[in-house]
Amino acid sequence: MINLLKKIFGLGPKVDYAELVKKGAVILDVRSPGEYKQGHIKCSINTPLNDLSNHISKLKKDATIITCCASGMRSASAKSILKSNGFEHVYNGGGWSSLQNKI
């Protein structure tokens, strides 16, 4: 059960987010447009979690994707949705402001 929770919430081995971004990772911010307008990571893509399923076809399945939101809950859900749709290289970056400090 613990391992499942770690996997869902992206806990586990340390991820070098700066390196992933340097290699072309896409940052997918799944907050609402209003939240996104209040602050976001430069060059991130805003696709609200509730619209993600409608926009999956716009993402490349072989791309590295880092999901983020306000706290990490929605980004964990986004990661799960992407993984269940065949995306292999997906990371939960957690809250956007803390992710910004890691890249």
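Mentor: Start with contact: heavy atoms within 4.5 Å. Among contacts in the protein chain between residues at least 6 apart in sequence, 66% join residues at least 24 apart. This is a predicted model, where local features need pLDDT of at least 70, side-chain atom pairs count only at pLDDT 80 or more, and totals for chains, interfaces and linings use all residues. Residues are numbered from 1 along each chain as its sequence is written, and side-chain values use heavy atoms, with hydrogens and water left out.

Trainee: How many helices and strands does the protein chain have?

Mentor: Six helices and four strands. Helices are DSSP runs of H or I, at least four residues; strands are runs of E, at least two; both are numbered from the N terminus. Along the sequence the pattern reads α-α-β-α-β-α-β-α-β-α.

Trainee: What makes E1 and E2 a pair?

Mentor: Two strands pair if DSSP finds at least two bridges between them. Two bridges join E1 (residues 26-29) to E2, and the two run parallel. That meets the rule. Aspartate 29 has asparagine 46 as its bridge partner in E2.

Trainee: Which order do the four strands take in the sheet?

Mentor: E2-E1-E3-E4, an open sheet with parallel pairing. E2 (45-46) and E4 (90-95) each have a single partner strand, so they stand at the edges and one side of each lacks a neighbour in the sheet. Helix H5 (residues 73-84) packs on this sheet, touching E1, E3 (65-69) and E4. Its direction makes about 150 degrees with that of E3. The axes are lines fitted to C-alpha atoms, for helices over the stretch in contact, and angles run from 0 to 180 degrees between N-to-C directions.

Trainee: How do you know that E3 pairs with E1 and with E4?

Mentor: Count the bridges. E1 and E3 share four, in the parallel sense; E3 and E4 also pair parallel over four. Aspartate 29 stands opposite cysteine 68 in E3. Threonine 67 has asparagine 92 as its bridge partner in E4.

Trainee: Why is the crossover from E3 to E4 called right-handed?

Mentor: The chain goes from E3 through H5 to E4, and this β-α-β crossover is right-handed. The term applies if, with the strands pointing away from the viewer, the path from the first strand over the helix to the second runs clockwise.

Trainee: Why is E3 called largely enclosed?

Mentor: Buried means under 20% relative accessible area, exposed over 50%, partly exposed in between (1.4 Å probe, protein chains only). Five of the five residues of E3 are buried, so the rest of the structure largely encloses this strand. Ile65, Thr67 and Cys69 point one way, Ile66 and Cys68 the other. In a regular strand the side chains alternate between the two faces of the sheet. E4 is likewise largely enclosed, because five of its six residues are buried. Over the protein chain, buried residues make up 36% of the 103 residues.

Trainee: How do you know that cysteine 68 is in no disulfide?

Mentor: A disulfide is a pair of cysteine sulfur atoms within 2.5 Å. By this rule the count is zero. For cysteine 68, the nearest cysteine sulfur, that of cysteine 69, is 7.1 Å away. Cysteine 68 counts as buried because its relative accessibility is 0%. Cysteine 69 is buried too, at 1%. In E4, glycine 95 is the bridge partner of cysteine 69.

Trainee: What makes up the largest nonpolar core?

Mentor: A nonpolar core is a set of buried Ala, Val, Leu, Ile, Met, Phe, Trp, Tyr and Cys residues joined through side-chain atoms within 4.5 Å. The largest has twelve residues, among them Leu28, Leu52, Ile65, Cys69, Ala78 and Val90. E3 and H5 are the elements that give two or more residues to this core. Apart from it lies another core of nine residues, including Tyr17, Leu20, Ile41 and Leu99.

Trainee: Which residues does leucine 52 touch?

Mentor: Leu28, Thr47, Leu59, Ala78, Ile81 and Leu82, not counting residues up to four places away in sequence.

Trainee: Where is leucine 49 found?

Mentor: In the loop between E2 and helix H4 (52-55). Leaving aside neighbours within four places in sequence, leucine 49 contacts Val30, Arg74, Ser77, Ala78 and Ile81. Leucine 49 and isoleucine 81 are 32 residues apart in sequence, and 9.4 Å apart in space, C-alpha to C-alpha.
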